[in-house]
Amino acid sequence: MAEQNEEARAWEALVATARRTVTDGLVVGTSGNVSVRVGDTVLVTPSGVPYDRLTPDDVTGVDLDGRQVLGALVPTSELPMHLAVYRTTDARAVVHTHAVHATAVSTLVPELPTIHYMTGALGGPVRVAAYATYGTDELAENMLHALAGRTGCLLQNHGTLTYGASLDQAYDRTAQLEWMCRLWLTASSVPGLTPTLLSEEQLAEAGERLRGYGQRG
């Protein structure tokens with residue numbers, strides 16, 4: 001019973017996060033997806049269902065091998081990418097979007113230039129995963145290469161993926177990544193000028209400070 005309650009609460013938080021991606025302009029329609037891990041079950045947004053239509057009865061869950069254990073709706077087509085993150089990291093939540101500035105950057109460079117110290121919050125310079133068809137194991141594999149030592153990456157001509165210890169943290173990392181991409185595109189579009197970038201040393205120092213950021217207790 002306790003596990004059912006935990007899953008119900010996690011589903012409610014997942015739906016709220018998925019709706020937030022639309023409200024904040026990170027996703028159009030059903031083009032992104034969100035997941036959260038509860039024990040060995042991964043709750044995921046279902047494929048092709050508008051987030052404002054999801055109810056508590058629509059809970060959709062799979063085990064770490066992708067076998068459906070909760071619900072009747074088909075899980076997101078990006079399930080291989082989500083499961084790859086859970087199998088290889090300590091992630092408790094994953095957010096994938098088609099955020100416009102981040103997707104634009106993914107078509108221009110192999111790595112987001114170090115335009116801001118919040119790069120440190122994602123573990124270092126954000127890499128771009130090589131393009132592969134959505135929903136494939138190849139994309140999941142490319143994503144893992146780009147994600148090594150990071151908590152977020154860009155997916156070439158596709159979008160973003162971030163993970164965290166909670167839905168809020170995963171979402172915040174997505175929002176920060178989109179903001180940094182927008183910042184770099186804005187700065188680099190000024191004719192005749194080139195943005196200054198942060199050095200490895202500056203990023204490392206910022207990363208250390210970010211680890212202690214916020215309230216303690």
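The model I am reading is a predicted one. Arginine 37 has valine 42 of strand 2 standing opposite. I then checked the turn: two residues lie between the strands of this hairpin, and glycine 39 takes a positive phi near 65°.

I next looked up the pairing of strand 1 with strand 5 (residues 93-97), which is antiparallel and also has four bridges. Here asparagine 33 is the residue opposite histidine 96 of strand 5.

Is strand 1 (residues 33-38) enclosed or open? Six of its six residues are buried, so I note the strand as largely enclosed by the rest of the structure. In a regular strand, side chains alternate between the two faces of the sheet. I therefore listed the two sides separately, because burial under 20% relative accessible area has to hold on each. Asn33, Ser35 and Arg37 are buried on one side, and Val34, Val36 and Val38 are buried on the other, which leaves both faces covered.

**Leucine 167 and threonine 17**

I moved to leucine 167, in helix 5 (residues 167-188). Its relative accessible area is 9%, so I count leucine 167 as buried. Which residues does leucine 167 contact, leaving aside neighbours within four places in sequence? I found Ala10, Ala13, Leu14, Thr17, Val34, Ser35, Val36 and Ala93. I also took the C-alpha separation of leucine 167 and arginine 37, which is 9.6 Å for residues 130 apart along the chain.

With neighbours within four places set aside, threonine 17 contacts Val34, Val95, Leu167 and Tyr171.

**Helix 4**

I listed the buried residues of helix 4 (residues 137-147): Leu139, Ala140, Asn142, Met143, Ala146 and Leu147. Seen down the helix axis they fall within an arc of 165°, so they line one face. An α-helix has 3.6 residues a turn, so residues three or four places apart point the same way. On the face turned away from the buried side I found the exposed residues Asp137, Glu141 and His145.

What do the buried residues of helix 4 pack against? I noted helix 2 (79-88), strand 6 (128-129), strand 7 (152-155) and strand 8 (159-164). Glycine 149 follows helix 4 and has a positive phi, near 75°.

Last, I looked at the open space. The largest pocket has a volume of about 490 Å³. It is lined by 20 residues, and those closest to its centre are Ala121, Leu122, Gln169, Arg173 and Leu210. Helix 5 and helix 6 (200-211) are the elements that give two or more residues to this lining. Helix 6 gives the most, with six residues. I sorted the lining of the largest pocket by class and got seven nonpolar, eight polar and five charged residues.

The second largest pocket holds about 150 Å³. Of its 16 lining residues, Thr30, Ser31, Asn33, Thr76 and Ser77 are the closest to the centre. By class, I recorded three nonpolar, 12 polar and one charged residue in the lining of the second largest pocket.

Conventions. Residues are numbered from 1 along each chain as its sequence is written. This is a predicted model: local features need pLDDT of at least 70, side-chain atom pairs count only at pLDDT 80 or more; totals for chains, interfaces and linings use all residues. Side-chain values use heavy atoms; hydrogens and water are left out. Buried means under 20% relative accessible area, exposed over 50%, partly exposed in between (1.4 Å probe, protein chains only). Contact means heavy atoms within 4.5 Å. On a 1 Å grid over the protein atoms alone, a cavity is a set of points where a 1.4 Å probe fits but cannot get out, and a pocket is an open set with protein on both sides within 12 Å along at least five of seven lines; lining residues have an atom within 4 Å of a point. Grid points are joined across faces, edges and corners, and a volume is the space filled by probe spheres set on the points. Ala, Val, Leu, Ile, Met, Phe, Trp, Tyr, Cys and Pro count as nonpolar, Asp, Glu, Lys and Arg as charged, and the others, Gly among them, as polar. Two strands pair if DSSP finds at least two bridges between them. The arc is that of the directions from the helix axis to the C-beta atoms.
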